[in-house]
Amino acid sequence: MHSPSELSRRQKRFGRIIKERRDELGLTQLQIGDLGGPSAPTIRKIEDGDAAISTHTLNKLDAPLRWLPGSAARTYAGGTPAVDEPGRAGRASGESVVAGPDSIRFEIADLTGLLATAGRLNDAVEQGIATDLQLVAAINDLNGVVSKLSARYATTMLERNGGPGRVLHPLIEMAFAHLLEVPAEASDATELQERRYRRWLAGRSEDVDATTEDQFRARWLAANLATTASRNGGH
């Protein structure tokens, strides 16, 4: 656990490195945001050493600063960034970094492991064991990631077991009850649509108009076709 003074020194160091790299590339704070990075106000706070930085924000810094993935997070932790530029030291002539996939498969055991870990960390916060603000912020970030993964798994299970003409098994409905609640209109637009889609798959289509119904049906059919093809070895 970092003391307030240690955390401040780390943030100041990180902000200085970010500004030096931005100046080196000739980029303004606004241009960092235009290139997919954090917004100009966030960059300003980071460079001033005043921001408590989330993992999501750190990951968004790598591309506009032309660093290899994970460099910002490593630098924030006290390390140094790896520059993603042709001819940089340590790169063989003609060698380039191959971009990774946009998504990967994961085992359900990995998801349950994440859920268990997140649960223990949340218990530590609720019991007052974990009180460091930076740690609590990191736990909140972890909760967000785990929630997204859980929701995607729930959607897939509902696509396979629910939808038009199917009666959802009570065990499935019980397992994902918290993800089938009426969504709040204030929710993120994408998450709002996902919640409505899950409710539609569970036979709760009272808040779905005709156009959305057609979109959901097409998505559900495509998902089931993909599942069938996968089970048949792609044939």
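This is a predicted model: local features need pLDDT of at least 70, side-chain atom pairs count only at pLDDT 80 or more; totals for chains, interfaces and linings use all residues.
## The whole chain

The protein contains 10 helices and 0 strands, and accordingly its pattern, when it is read along the sequence, is α-α-α-α-α-α-α-α-α-α. Of its 235 residues, 33% count as buried. The accessible surface of the protein comes to about 14600 Å², and 55% of that surface belongs to carbon and sulfur atoms. When contacts between residues at least 6 apart in sequence are considered, 49% of them join residues that are at least 24 apart.

## Helices α6 and α7

In general, a pair of packed helices is described by the angle between their axes and by the distance between those axes. Helix α6 covers residues 108–126 and helix α7 covers residues 133–161, and their axes come within 10 Å of each other, crossing at roughly 145 degrees. The crossing of α6 and α7 is left-handed.

Which residues of α6 meet α7? From the side of α6 they are Ile108, Leu111, Leu114, Leu115, Ala118, Leu121, Asn122 and Val125, while from the side of α7 they are Val136, Ile139, Leu142, Asn143, Val146, Leu149, Ser150 and Tyr153.

Ser150 counts as buried because its relative accessibility is 16%, and the cut-off for burial is under 20%.

Helix α3 spans residues 40–47, and its residues Ala40, Ile43, Ile46 and Glu47 are buried. When α3 is viewed down its axis, these buried residues fall within an arc of 120 degrees, so they line one face of the helix. After α3 comes Gly49, which has a positive phi, near 75 degrees.

In α4, the buried residues are Thr57, Leu58, Leu61 and Asp62. Seen down the axis of α4, they fall within an arc of 150 degrees, so here too the buried residues line one face of the helix.

Pro38 belongs to the loop between α2, residues 29–34, and α3. With a relative accessible area of 4%, Pro38 is buried. Apart from residues up to four places away in sequence, Pro38 touches Ile32, Gly33, Ile43, Thr57, Lys60 and Leu61. Ile43 is one of the buried residues of α3, and Thr57 and Leu61 are among the buried residues of α4.

## A loop residue with a positive phi

Arg66 is placed in the loop between α4 (55–62) and α5 (71–76). Most residues other than glycine have a negative phi. Arg66 counts as partly exposed because its relative accessibility is 45%.

## Pairs brought together from separate parts of the sequence

| Pair | Separation in sequence | C-alpha to C-alpha distance |
|---|---|---|
| Pro38 and His56 | 18 residues | 9.4 Å |
| Asp141 and Ser54 | 87 residues | 6.9 Å |
| Arg219 and Glu159 | 60 residues | 9.2 Å |

Asp141 is found in helix α7. Is Asp141 buried or partly exposed? Its relative accessible area is 27%, so Asp141 is partly exposed. Neighbours within four places in sequence aside, Asp141 is in contact with Ser54 and Thr55.

Arg219 lies in helix α10, which runs over residues 210–231. Arg219 is partly exposed, and its relative accessible area is 34%.

Technical notes: Residues are numbered from 1 along each chain as its sequence is written. Side-chain values use heavy atoms; hydrogens and water are left out. Axes are lines fitted to C-alpha atoms, for helices over the stretch in contact, and angles run from 0 to 180 degrees between N-to-C directions. Helices (H or I, at least four residues) and strands (E, at least two) are DSSP runs, numbered from the N terminus. A crossing is left-handed if the near helix is turned anticlockwise from the far one by less than a right angle, and right-handed if clockwise. Contact means heavy atoms within 4.5 Å. Buried means under 20% relative accessible area, exposed over 50%, partly exposed in between (1.4 Å probe, protein chains only). Accessible areas come from the Shrake-Rupley method with a 1.4 Å probe; for residues, only the protein chains shown count as cover. The arc is that of the directions from the helix axis to the C-beta atoms.
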